[in-house]
Amino acid sequence: MERRDFLKQTITIIAGAAIPASALEFINPKSLFAANGGNTRWVFLADTQKCVGCGFCVKACKLENEVPYDADITRTWVERYVICKDGKMRVEGNMSNPGFGINADSPKGGRDGFTTAKIEVGADKHVEIKDEDISKAFFVPKLCNQCDNPPCVQVCPVGATYKTGDGVVLVDRSWCIGCGYCVMGCPYGVRFFHPVYKVAEKCNFCYHRISKGMKTACVQSCPFGARQIGNLKDPNDPVTKVIMTGRVGVLKSEYGTKPQVYYLALDREVR
Amino acid sequence: MSHVWRPLFVALALVAGILIFRAFYVPKEFGIGEAGYMYGWHNPNNEQYWKDIKVKFQGSAYCKDCHSKNFTYIRNTPHAIIPCEDCHGPGMDHPGKIAKLPIDINRLLCLRCHAILKYPNSDRGKIRGINPATHQDPNVECVTCHDPHNPNLGALKKSGQRFPTYKLEAGAPEGKSAGGAKK
Amino acid sequence: MMEIHGEAWTLKEFFCYPNEYIYWSIQIVMYPFMTGLVAGAFVLSSLYHVFGVKQLKDIARFSLVFSFALLPVAMMPLMLHLQQPLRGIHVMMTPHFTSAIAAFGIVFSTYGMIVASELWFVYRPHFVATALELKDDTNRGLIGNFRYLLFSALTLGCYDVSEHALEKDEKAVSKLAGIGIPVACFLHGYAGFIFGSVKANALWMTPLMPVIFICSAVVSGISLCIITYIVTMEIRKILSKMGNKAKDLPSYEELQSAEIEEVQLTSKYLVGFLLAAITLELLDLIFRGYTAVKSWDILREVIYQRDFYKIFVMQYGLGNLLPFILFKLPGLTVRRAALASSLMLFGVFMMRWNVVIGGQAFSASYAGFMDYVIPIIPTSLDTFKEGLMGALSVIITPYVLFYFINKVMPVFKYKGSH
């Protein structure tokens, strides 16, 4: 075959294939320019100083959102970080020291709170850190960051997960194929498979509550005000004021996800 | 036309078949939402699905009218910050389907905050805590001595008794007249 | 207790996020492995059809048919992996093209159609002959009737087998093979893209991933073709020894010399692609170590400590270096080639394993590890699908399919124009 024929053939085939594609109407420019956002952008503010690790938020979330209570998956969780004065990780027995500078855990996602100084380092393995060895220690509430650029949505092959106009990422349980690409795509580990529905599941800021003007279950159940939800488009919202005027941090900004859960008193050791 | 095009016709027929099936199968609302094609490609009907999820936790204000005595009683104590439903469970279906909410009086409930952890960078370190293993009798529920609605340690100490002021029947639901709150 | 997807086979150590499990398990190891075989087998057949490597004539037709048998099997692990397999069609219904998986249905079916068309041109005279033969058979019976219908349908209504028509067929085949090569590479490079573009995964995210995947795909595809070719040739040799003249087989000696010639030539391409794959993989590793970004601490721990045996002993040592030496030692025999190819296949499998499972061997917290304990005996649907049994069913299927396809498109007995 001559090269010219080959090229001609290839171009013809590509051009031919392009015609039916344009008939599919996957992208409708009209809707692209449709009302972009309203006057709401839900955001979250978590204060790691105020959080005492009681875990009432995790308990409330599981009950509110019908996430099987005893299953080891959760929409929100609380992490504990204990940093030692020598900057070293405590490990049990003679395991090779992996050398992270942190001791951290989140047993059962913190659902039952943190009632012991023992830190979980694996299935049924614990280490205890003496009070005098601690240089810093605190709790960090975690939940979906409802990113502005959610990588989980970008990678969904079927349009089963999406960002709403008010910034919350939802999952369509009737359309999700359960490939798990979104679970792999989330750098924060907030997604999992719902044991009953067998589809991707995640925190959605209690969408049924916030859309009725209520607070999320975790915010409402927190006795310490460590968790707050607000509307970033409302300049008078107390959460907006803190985010706009206070020193807040976000998690893993290096991924370009533009996370919308803001943290007060965030530490460099937080993962 | 040459026979070499026949496989192409088969392929085109297949593509047409898929497109026809697609026209019937995909909900017609499916499309690009407010967030654009990258982040908003979805069936908009699904948003309603999530809005329709049943609300379980009602908030403490929901308890105010019927349980006004306890509601005001706890206001002036350090436990005022704790929402009713944290210990009493979600108020959904109460008082309708569920006449009395079960109260969690398990020791572990109190230990969520009061197991001592001297963490310097958390308000947990400021909460008065106990060592669960050594504080009094580990098999006795906290509410045997402590009134959860008024954890007044001063009064407790003054009485000098081992199991002094407070008594709450294990598992007994709180009555409308707030039987749990005794002075 | 409710079954949580992933919990049954995940072991966690140190600090992992609560929802983290090995969500992509053995089937996702199988998926790139199987598509790799498809792509590799097709590229091998195209070497003959497009680049006119005449010596590959015999193995070319074989690998084309085998590539077709492997096609449905490339999709099988994905279906077994999906939590909602019945909704798999949604990928074609509402494709979200910002996702690397979305185009799978389209690329896959395009490729499938190319291979099918190519096969149609190669086997058209056979279809026509069989259909005509059955047409004249007045005493066909039930099976005969079915075969008649099948072969008549397969002719697509064209019974022209004149020299002129066959010439056109030949042209079409080389054109299709020409288009097929980029599509096959795309199909597989694209599998690499699915991993390489996951920015949340420190091990996967590299632009080299698609290229590495293509090279190792070709390695595995050629290896499998060599092995299967050798096995079938040995069977034919035995048949020929038994003097089964009725089947019109070439003589033992003819087969013997043809076999070693094909194997020696094919192995040259194999080694070439292996070198390309290794170079890229090492480049990636060196680069990660040298730039040593945030994730390197945990990656180093996984690569050099926890997965050392799997990566450097099983994959590079046993799966790459040893077969490389075996191929390069002078006087390559068929037996040695078979052994080396098997090792090579194993090496590529281990590479897939170390990428897919290795990529999940550490937590996104960079402070914990996870281990995949492959379920051997299934206790539930999940542990069947994502365990050893599921993997074995994927491995067996192409051979079952090949058996049936061979009935319609005989690979060895048929003496077509190609």
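The model is predicted.

**The sheet in chain A**

Strands β11, β1 and β12 of chain A form an open sheet, in the order β11-β1-β12, with mixed pairing. β11 (227-231) and β12 (261-264) of chain A stand at the edges; each has a single partner strand, so one side of each lacks a neighbour in the sheet. Neighbouring strands are turned by 25° against each other on average, direction ignored. β1 (residues 42-47) of chain A runs antiparallel to β11(A), and five bridges join the two. A:A46 stands opposite A:R227 in β11(A). Helix α8 (residues 238-245) of chain A packs on this sheet and touches β1, β11 and β12 of chain A. The direction of α8 makes about 95° with that of β11(A).

**Where chain A meets chain C**

The contact involves 52 residues of chain A and 47 residues of chain C. Among the elements of chain A that give two or more residues to this side are α1 (3-22), β4 (118-122) and α5 (181-185). The residues on the chain A side divide as follows.

**Helix α2 of chain C**

α2 (residues 57-81) of chain C has 25 residues. Its span from first C-alpha to last is 37 Å, close to the 36 Å expected at 1.5 Å a residue. α2(C) bends by about 30° at C:L70, and a proline, C:P72, follows within four residues. Of the 25 residues of α2(C), 20 are buried, so the helix is largely enclosed by the rest of the structure.

Definitions and conventions. Residues numbered from 1 in each chain as written. Chains lettered and ligands numbered in written order. Predicted model: local features only at pLDDT ≥ 70, side-chain atom pairs only at ≥ 80, totals over all residues. Pairing = 2+ DSSP bridges. Axes fitted to C-alpha atoms, helices over the stretch in contact; angles between N-to-C directions. Contact = placed C-beta atoms within 7 Å. Expected span 1.5 Å × (residues − 1). Bend = angle between axes of the 7 residues up to and from the residue. Buried ≥ 20, exposed ≤ 12 C-beta atoms within 10 Å, placed from the backbone.
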